[in-house]
Amino acid sequence: MGKFSISSIESPLIYSRPLSKCISQDVFLKLENVQPTNSFKIRGMSRVCKQKAEEGFKGFVTFSGGNAGIALAYAANEMGMQCHIILPSFVSPRVMGRMAEDGYSSIVGEIKSQLEGKIPSCIILSVGGGGMLMGLTKGFEKHGWETVPILAMETEGAHSFNKSIKAGAVVENVMTSIAKTLGAPSVAPKLMEILPKFDIISNVQSDAAAVEACLRFSDDHAFCVEPACGVSLSAVYQGILHEIFTSNGHELGQGPVVVLVCGGCDSSVKILKDYAEKLGIDIV
Ligand SMILES: Cc1ncc(COP(=O)(O)O)c(C=O)c1O
């Protein structure tokens with residue numbers, strides 16, 4: 001491994017027969033859960049570490065013990081740099097967020113070449129603080145995909161983006177959802193500024209819908225993902241994608257639907273079983 005090698009991988013884009021059946025339309029999964037740290041966060045953090053190492057920094061401090069913290073620790077370690085993780089988690093410094101977005105934008109170029117010329121009818125992703133969404137829009141600008149609809153999913157109680165869209169300004173949210181990694185107190189103000197340039201639909205689903213989607217996904221594709229990721233899958237699993245589009249004055253096109261499987265470390269059979277019990281979901 002080179003000194004400043006990038007530790008994120010080009011993740012696979014796979015066709016999902018079970019999810020395609022749910023909406024009678026091709027669904028592809030961008031498997032960010034198979035990144036070395038099991039979430040998309042490594043893309044941004046690798047970039048932060050690489051850039052800062054080149055500027056002469058010797059180590060990092062982060063306030064996130066979630067997927068971002070794990071990704072930063074991994075990337076720093078791979079480069080032989082020090083990393084201190086301070087708990088509990090707070091929003092990471094703005095400058096790091098910016099660089100992280102650049103890292104996330106690479107997802108779009110990969111999807112574009114993996115789809116071999118097909119234009120998606122929509123890309124579905126989850127929103128916490130909005131870093132991944134902003135990264136995606138940067139990628140859209142780079143690849144001329146500004147008109148491709150983005151479906152931004154949140155769980156009820158972590159829906160600061162949805163609240164902000166409705167209010168037309170950044171609104172603080174009190175976190176009550178089990179999808180902990182979506183629990184940013186508010187979205188990044190810059191996200192609200194770029195909204196008019198893109199076709200972004202916001203939708204909120206319950207914790208139960210997110211957990212049910214995680215369980216079905218583990219049955220269908222043998223992966224355990226966090227409810228933060230499950231909420232994106234839930235739009236397809238519940239067969240409500242067309243309905244979400246029409247209720248927002250849109251029509252879902254014929255092209256493939258791409259779900260960004262953002263992953264997350266904080267998931268296992270036991271964790272999902274406990275959520276299911278708590279939320280009264282039958283495991284069949
Ligand atoms: C697994 C997972 N999904 C989604 C998100 C939300 O990403 P963002 O805060 O960039 O909107 C996070 C954030 O930590 C996450 O860890």
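Helices (H or I, at least four residues) and strands (E, at least two) are DSSP runs, numbered from the N terminus. The model shown here is predicted: local features need pLDDT of at least 70, side-chain atom pairs count only at pLDDT 80 or more, and totals for chains, interfaces and linings use all residues. Residues are numbered from 1 along each chain, as its sequence is written.

View 1. Let us start with the overall picture. The C-alpha trace spans about 50 × 45 × 40 Å along its principal axes. The radius of gyration, taken over C-alpha atoms, can be held against a globule rule of 2.2 Å times the number of residues to the power 0.38. With 284 residues, a compact globule would come out near 19 Å, and the protein has 18 Å, which agrees. A residue is called buried if 20 or more other C-beta atoms lie within 10 Å of its own, exposed if 12 or fewer, and partly exposed in between, with C-beta atoms placed from the backbone. Buried residues make up 50% of the 284 residues. Two residues are in contact if their C-beta atoms, placed from the backbone, lie within 7 Å. Of the contacts with a separation of 6 or more, 74% are between residues 24 or more positions apart.

**View 2. The annotated domain.** An unreviewed UniProt entry carries the annotation "domain: Tryptophan synthase beta chain-like PALP", covering residues 11–96 and 102–263. UniProt positions are given in the numbering used here, feature names are shortened, and annotations may be inferred rather than shown by experiment. Over residues 102–263 the chain is 45% helix and 14% strand. The end C-alpha atoms of that stretch are 19 Å apart.

**View 3. The shell around the ligand.** Here 22 residues surround the ligand, and the closest are Asn67, Gly128, Gly131, Thr181 and Gly264. A residue is near a molecule or strand if its C-beta atom, placed from the backbone, lies within 6 Å of it. Helix 3 (67–78), helix 5 (131–143) and helix 9 (227–237) each supply at least two residues of this shell. Helix 5 gives the most, with three residues. The shell has nine nonpolar, 11 polar and two charged residues. In this count Ala, Val, Leu, Ile, Met, Phe, Trp, Tyr, Cys and Pro are nonpolar, Asp, Glu, Lys and Arg are charged, and the others, Gly among them, are polar.

**View 4. The largest nonpolar core.** In soluble globular proteins, nonpolar side chains tend to be buried together. A nonpolar core is a set of buried Ala, Val, Leu, Ile, Met, Phe, Trp, Tyr and Cys residues joined through C-beta atoms within 7 Å. The largest one here has 77 residues, of which Ile124, Leu125, Leu136 and Val259 touch the most other members. Leaving aside neighbours within four places in sequence, Leu136 is in contact with Tyr104, Ser105, Ile107, Val108, Ile123, Leu125 and Ile150.

**View 5. Met45 in helix 2 (residues 41–54).** Is Met45 buried or exposed? Met45 counts as buried because 31 C-beta neighbours lie inside 10 Å. Beyond its neighbours within four places in sequence, Met45 is in contact with Ala68, Ala71, Leu72, Ala75 and Ala100.

**View 6. Helix 6 (residues 160–167) and its packing partners.** The buried residues of helix 6 are Ser160, Phe161, Asn162 and Ser164. These pack against strand 6 (150–155), helix 7 (189–194) and strand 7 (200–205). Gly168 follows helix 6 and has a positive phi, near 75°.

**View 7. The loop between helix 4 (94–114) and strand 5 (122–126).** Most residues other than glycine have a negative phi, and most peptide bonds are trans. Glu116, in this loop, is not a glycine, yet has a positive phi of about 50°. Glu116 is exposed, since 6 other C-beta atoms lie within 10 Å. Ile119 also sits in this loop and is partly exposed, with 14 other C-beta atoms within 10 Å. Setting aside neighbours within four places in sequence, Ile119 is in contact with Val148 and Gly255.

**View 8. Ser24, in the loop between helix 1 (17–23) and strand 2 (27–31).** Ser24 is not a glycine, but has a positive phi of about 50°. With 8 other C-beta atoms within 10 Å, Ser24 is exposed.
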